[in-house]
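Let's read a protein model together, one feature at a time. Keep the structure in view as we go.

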Amino acid sequence: MAAAVHVIDHPLVQHKLTLLRKKTTSTAEFRRLLGELSALMAYEVTRDLPLREVAIETPVAATTGRMIDGRKVALIAVLRAGIGLLDGMLTVVPGARVGHVGLYRDERTLRPIEYYLRLPRDMRDRDAIVIDPMLATGHSAIAALDRVAASRPRSLRFVCLVSAPEGLANLRERHPDVPIFTAAIDERLNEHGYIVPGLGDAGDRYFGTKA
Ligand code: URA
């Protein structure tokens, strides 16, 4: 059975996503909202990480607590828009290791071209979370997950903010075992490969690179 698609419908996430989508939202506001959204999403994405018992001493007594088992989480940002989700997630998982997969989209074929790959060491001991705000055709997400899956992490998840049905279907076909976390499943892709209604080009809006 294929892993679940988790739609994070927490009211705070939905409220901030609506503000983020608005075309009048400034670059500064877009960055702030994306940071807050990614921190909120990190809670959901890490909900089932395995825990182990540890012995500790409080100022009052010896006790046992629970801590995340194994090595640090690996956050893998798909360049460049995935960077927009990184800081917010790191506020919640500050010890995470960070990797990058550099992909750009050939505007004619809409296919991803890889230009950079750097993953943390010891991926086999890590829970990997691949992050990219927009799941459109799914081609970039599939290419990134192919690369990260080949490093054999202990577990693998994918997080995006907005997804298109086409991208979800493609991703689930290629990586049926990877749980997907998204804040919204939108209507469709347009002829330019943009998600409708979406929020436009997440990279351009985050970096302020569109005139
Ligand atoms: N990438 C984006 O940034 N936005 C889309 O709508 C589709 C792909």
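**Reading the backbone and the ligand site**

Q: Where is Asp 122 placed?
A: Asp 122 is in the loop between strand 6 (112–118) and strand 7 (127–131). Bear in mind that this is a predicted model.

Q: What is the phi of Asp 122, and is that positive or negative?
A: First the general idea. Most residues other than glycine have a negative phi. Now the case here. Asp 122 is not a glycine, yet its phi is positive, about 55 degrees.

Q: Which residues does a cis peptide bond join?
A: Again, start with the general idea. Most peptide bonds are trans. Arg 80 belongs to the loop between strand 4 (74–79) and helix 3 (83–92). Another cis bond links Val 196 to Pro 197, also with omega at about 0 degrees. Pro 197 lies in the loop between strand 14 (195–196) and helix 6 (202–207).

Q: How many helices and strands does the protein have?
A: There are six helices and 14 strands.

Q: Why does a radius of gyration of 18 Å agree with a compact globule?
A: A compact globule of 211 residues would have a radius of gyration near 17 Å, so the 18 Å of the protein agrees. For the outline, look at the box filled by the C-alpha atoms. Along the principal axes, this box is roughly 60 × 35 × 30 Å.

Q: Where does the ligand sit, and which residues are around it?
A: The ligand sits in the largest pocket. Around the ligand are Arg 105, Met 134, Ala 136, Gly 193, Tyr 194, Ile 195, Gly 200, Asp 201 and Ala 202. Sorted by class, this shell has five nonpolar, two polar and two charged residues.

Q: Which backbone atoms lie 2.8 Å from the ligand?
A: Look for N or O atoms paired within 3.5 Å. A backbone N or O atom of Ile 195 is 2.8 Å from a ligand oxygen. Ala 202 likewise has a backbone N or O atom 2.8 Å from an oxygen of the ligand. For Gly 200, a polar backbone atom lies 2.8 Å from a ligand nitrogen.

Q: How much of the ligand does the protein bury?
A: Taken alone, the ligand exposes 240 Å². The protein buries 89% of that.

Technical notes: Residues are numbered from 1 along each chain as its sequence is written. This is a predicted model: local features need pLDDT of at least 70, side-chain atom pairs count only at pLDDT 80 or more; totals for chains, interfaces and linings use all residues. Side-chain values use heavy atoms; hydrogens and water are left out. A residue is near a molecule or strand if one of its heavy atoms lies within 4 Å of it. A polar contact is a pair of N or O atoms within 3.5 Å; within protein, one must be able to donate a hydrogen and the other to accept it, and residues adjacent in sequence count only if both atoms are side-chain atoms. Accessible areas come from the Shrake-Rupley method with a 1.4 Å probe; for residues, only the protein chains shown count as cover. On a 1 Å grid over the protein atoms alone, a cavity is a set of points where a 1.4 Å probe fits but cannot get out, and a pocket is an open set with protein on both sides within 12 Å along at least five of seven lines; lining residues have an atom within 4 Å of a point. A molecule sits in a cavity or pocket if more than half of its atoms lie within 2 Å of its grid points. Ala, Val, Leu, Ile, Met, Phe, Trp, Tyr, Cys and Pro count as nonpolar, Asp, Glu, Lys and Arg as charged, and the others, Gly among them, as polar. Helices (H or I, at least four residues) and strands (E, at least two) are DSSP runs, numbered from the N terminus. The radius of gyration is taken over C-alpha atoms; the globule rule is 2.2 Å times the number of residues to the power 0.38.
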